Amino acid sequence: MATHAFKINRYNPDDERRGHYMQEYPLDVQKGWTILDCLNEIKWKQDGSLTFRRSCRSGICGSCAMTVNGVNMLACETQALTLKSSTIVVEPLRGYPVIKDLVVDLEPLVESLYAVKPYLITKTPLPTDQERFQSPEERAKIDGLYECILCGACTSSCPSFWADKKYIGPHGFLKAYRFVADSRDEGTREHLEALDDKHGLWRCHTIFNCVEACPKDLNPTKAISELKKELVREKIG
Amino acid sequence: MATIDPETIHDVEGIGVHNIHRHDVVIVGAGLAGLRAAVEASEEYDVAVISKVFPTRSHSGGAQGGIAASLSNEEEDHLEWHMFDTVKGSDYLGDQDAIEILVKEAPVVVREFEHFGAPFSRTPEGRIAQRKFGGHTKDFGRGGPVLRACYAADRTGHVLLHTLYEVCIRNGVRFYPEFYALSLIIRDNICRGIVGWDVINGGIHVFHAKAVMFGTGGYGRVYKITSNALSGTGDGLSLVLRAGLPLEDMEFVQFHPTGLYQQGILVSEAARGEGGYIINDTGERFMERYAPEKMELAPRDLVSRSEQTEINEGRGIGGKDYVHLDLRHLGSEKIMKQLPQIHELAWKFLHVDCIKEPIPIQPTAHYSMGGIPVDKDCQVFADGKKEMVQGFYAAGECACVSVHGANRLGTNSLLEASLFGRRAGKAIRRFLGVQREFPDLPPDAASSAIEEVERLLSSSGTERVSSIRETLQEKMSLECGIFREADQLQRLKKELRTLEERFRNIKIDDRSKRFNVDLLEALELGHMLDFTEIIVEGALNRKESRGAHYRTDFPKRNDGDWLKHTLAWKKDGEIIFDYKPVVITRFQPKERTY
Ligand SMILES: Cc1cc2nc3c(=O)[nH]c(=O)nc-3n(C[C@H](O)[C@H](O)[C@H](O)COP(=O)(O)OP(=O)(O)OC[C@H]3O[C@@H](n4cnc5c(N)ncnc54)[C@H](O)[C@@H]3O)c2cc1C
Ligand code: FES
C-alpha cells in the first residue's frame, strides 16, 4: 500500500458536464519530497493530464500557491512529510475562477495591482551619474514589503475578496505601501487614489487571514493600518 | 503592406489561427533581458511582451547574489579591473570589444535600476551596497577580492525583475502572459513576427511585428541536477536553429559549485562572498590545494572541478557525492542579515539550520555561456558572423555576444541581461526610426507551428515524455557534465538519436486545448533534444580544455588551434561547424591561475 493518498480537486473546462470532482492518487512519498515533487511524480508517472503551475521550485517565483489540507501554501517549499497526515487534499486557491484543476485565473490579482500604480513615482529631477541616496534606516522601512512574490495566497484567503472580486486585496495594499513607505517615492496621493473607495481599504475587516496565508511571512495587515493613517493624513492635510 | 486575415493563413486539420496581433515590437521573454528591452522600446513604440510564464515568474527572479558594476561605493574599483577579471574569467574566449561595453555601461545600468525604484541594500552613507564575488578582484588580479557586486540582500534578481515589471506597467507595455512561442517567421533574412500558443485558452496566435527580440533564457533543465527553474528549457535556441540559423559556443555550460544536495537549488555565491568555507570529509578546506590564493572565491569552473575531484577521489562527505558548505563561523547575525534566503532554502529543502550545521552541496548545472550569435547591438547574425537578419534581436542568457566566453563570472549575467536588453531596446528604436512599414506576412506563416501542435496533441505512441526527459538529463549529467571525454561523448551522441526515436513515439494523456501542460512539456522536450545535440557535438569537436569545458583527454588549453568561437548549424539532421575569431583588444591570452 502507498504511504499517502493525494485527493486532488479536478476540473477540465473542456469537459463542463463533469464539473469539479475529487480524484485520488496513491503515492509512496519519499523523505525530502515537497508537495510539488509529489504532484510532479503523479503527473509524470500516473496521469499527465493533472494540471498545476510551477516554475522555480524554490519558493521565489510565486507560481505554485495552492490550498493543501485547507491551508494556502507554496507547494514547492512545503515538505510533504511535515504535514503529518497520510491523506493530502489539494485544491486550487479559493476565491479565483478556476481555469483547470489547480490553475486559477489571477486576472483579479493583476487588475488590482495595476490600480495602485505599482511603480516608484518621483517628481524631483534625478541626479545624473549617481544613485539617489537612501540611508539604511530609510531602506529598512520597506523590509517586509518589497519581498512579495505575487503568489495570490493572501488575497485568496480573504473573506472581503470572496464577497467582492473588485476588492484591491492585501497584495495590492502591500504593494501600495511598499511605495508609500519608500523614502524616494513622491506619489503617495497617486498610490492611495484607488484605495479610498468601496473596493479599497475600508473593506478590510482586519481578519488577519492574509498574515497567516503569506508564505513569505509578510504582514499585509500592518501595511493596511499604515495606509489608513496615510489616507486620513492626506484628507486632513 | 499586405493585409492578411486569419482565413487566408494556412490551417492544418482543425487547429486554425485564432487571431493576428500587430505590434511594432514583439519581445519573447519577460526576464531581465526582455523587460529591460521593453522598458526602452516602449518609450517610443507599441511593445508586446510574450512569456510562457507570468512576467514576474521568470527565472531572473531567482537570482540571489548581485549585479556587477565598478561603482567604487565601498572601496576603490575601476572599469579596467572589471574588464580584466571578465576577460580572464572567460579564459580569453570572451570578445573584448563587447566586454568593454559591459564594464563601461555597468554603472549606468545599475544606477538606472535605482532610479527606476529598485530597493538595493545601502551603505551607511546611503549608497548602493556592494559585496565580494568569485573572480572579481583588485588591481588586475594582483589584489584580493573587490566589493563590486551590487545587491539587495540575497534577493537581487527578485527586486530587479519586479522593478522592471513595474516600469513596464507604467509605460503601458502590452503583456501576453502565458503565451508560448512556437516558431519564428523569417523569410529572406527578414524577421516578420512569431507564432504563439495561448496557453490559457488554447489556440494559435500570429504576432506580426517590425522587430522581434528574444530574451528566452537558459537551458539548465537538460541536466539532472540544475539550479534552473522547471521552465529553463532553452526553447529560444531551437526556435533559432529551426529557422536555419546557427548557435555559438554551445559546448560551454557552467556548473555552479554550491547546489543543495540532490535538489540542485542554488546556494548563492554570496555565501562564499560573505566568507563561507567549503570542506571535504576530512574537514579540510580543500580549495587550498587548487587555488591557494583565491580559495573559495576562485571562479566557478575551478571550484566545481575541484569539488568533483574530491568527490571522485572518495573525499566527499561519508564517501558520498557531496561536500559541505560551512557558514557557522559567520554567526547568526550576519547570516540572518546578509543571507536570509539561503538560511530559509537550506532549512526548507534540506532541513539544515546553517547557523548550526554545514550545508550539503554538490555542483549544479547553472548557466549557458553560448547561445544565439548577435552583434554588439544585439542584432542576430544570419551566418553567425557578418550577415544580419533584419528586425531580429536577442539578449540575455539565450544570446552570445560574447562577454562570458568559456566561463561566466558571478553577477556578470544579471548585468549582461539588463545591459544588452537595454542596448537591444535602443537598437530597435533606431531601426524603427527608419523601418516604418510592417514587412509582409507570408500565407504559410503559421503552418509549421500548427503542424507541430497538431502532431503532439494527436500523438498516440507508448513513450512518456517524462521518461525520455529523465534519461536525457541523466545521460547529460554523466557524459557531458563537468568532465568530458571522447568515448563518452560518442556514446552520448548515439543515445541522443535513440531518444529522438523514442520522442517520435510519445503519447500524451491530455488532449484538451486549455492549459495543457502535458502539451507544453512535450514541446519543451522537443526543443531540448534539438539543441542538446549541438552541445554534445560541440563538446566532442572542441579538443582542448577551456573555462567550463574540460576534456580529460585534452586537459590543456590550446590557443594555437582553439582560440576561436564555434558556430553550429543543423542541416538535414547533421551538425555543421564553422568558426570565428575572438576579438582581442587589451589583454593578450595568458595562463589562467588563481
Ligand atoms: C538560481 C540562480 C541564481 C542566479 N544568481 C545570479 C546572480 O546573483 N547574479 C547574476 O548575475 N546572475 C545570476 N544568475 C543568472 C541569471 O539569473 C540569468 O542568467 C538571467 O537572469 C537570465 O535572464 P534572461 O532575461 O536572459 O532570462 P530569464 O529570466 O530566464 O527569462 C526567460 C524568459 O523567456 C520566456 N520564455 C522562454 N521560452 C519561451 C517560449 N517558448 N515562449 C514564451 N516565452 C518563453 C520565459 O517565460 C521567461 O520570461 C542566477 C541564475 C540562477 C539559476
Ligand atoms: S514553483 Fe516558484 S514558488 Fe513554487
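A charge sits over a ring if NZ of Lys or CZ of Arg is within 6 Å of the ring centre and within 35 degrees of the ring normal. To see that, select Arg178(A), which lies over the face of Phe179(A), 4.1 Å from the ring centre. Then pick Arg18(A): it lies over the face of Tyr21(A), at 3.9 Å from the ring centre.

Before you go on, this is a predicted model, where local features need pLDDT of at least 70 and side-chain atom pairs count only at pLDDT 80 or more, while totals for chains, interfaces and linings use all residues. Residues are numbered from 1 along each chain as its sequence is written, chains are lettered from A in the order in which they are written, and side-chain values use heavy atoms, leaving out hydrogens and water.

Now hop over to chain B and select Phe54(B) and Tyr165(B). Their ring centres are 5.6 Å apart and their planes at 70°, so this pair is edge-to-face (rings of Phe, Tyr and Trp, the latter by its six-membered ring, pair if their centres lie within 6.5 Å; planes under 30 degrees apart count as stacked, over 60 as edge-to-face and the rest as tilted). Both Phe54(B) and Tyr165(B) are buried (under 20% relative accessible area; exposed is over 50%, partly exposed in between, with a 1.4 Å probe and protein chains only).

Next stop: Phe214(B) and Phe392(B). Here the ring centres are 5.2 Å apart and the planes at 90°, so the pair is edge-to-face. Phe214(B) and Phe392(B) are both buried.
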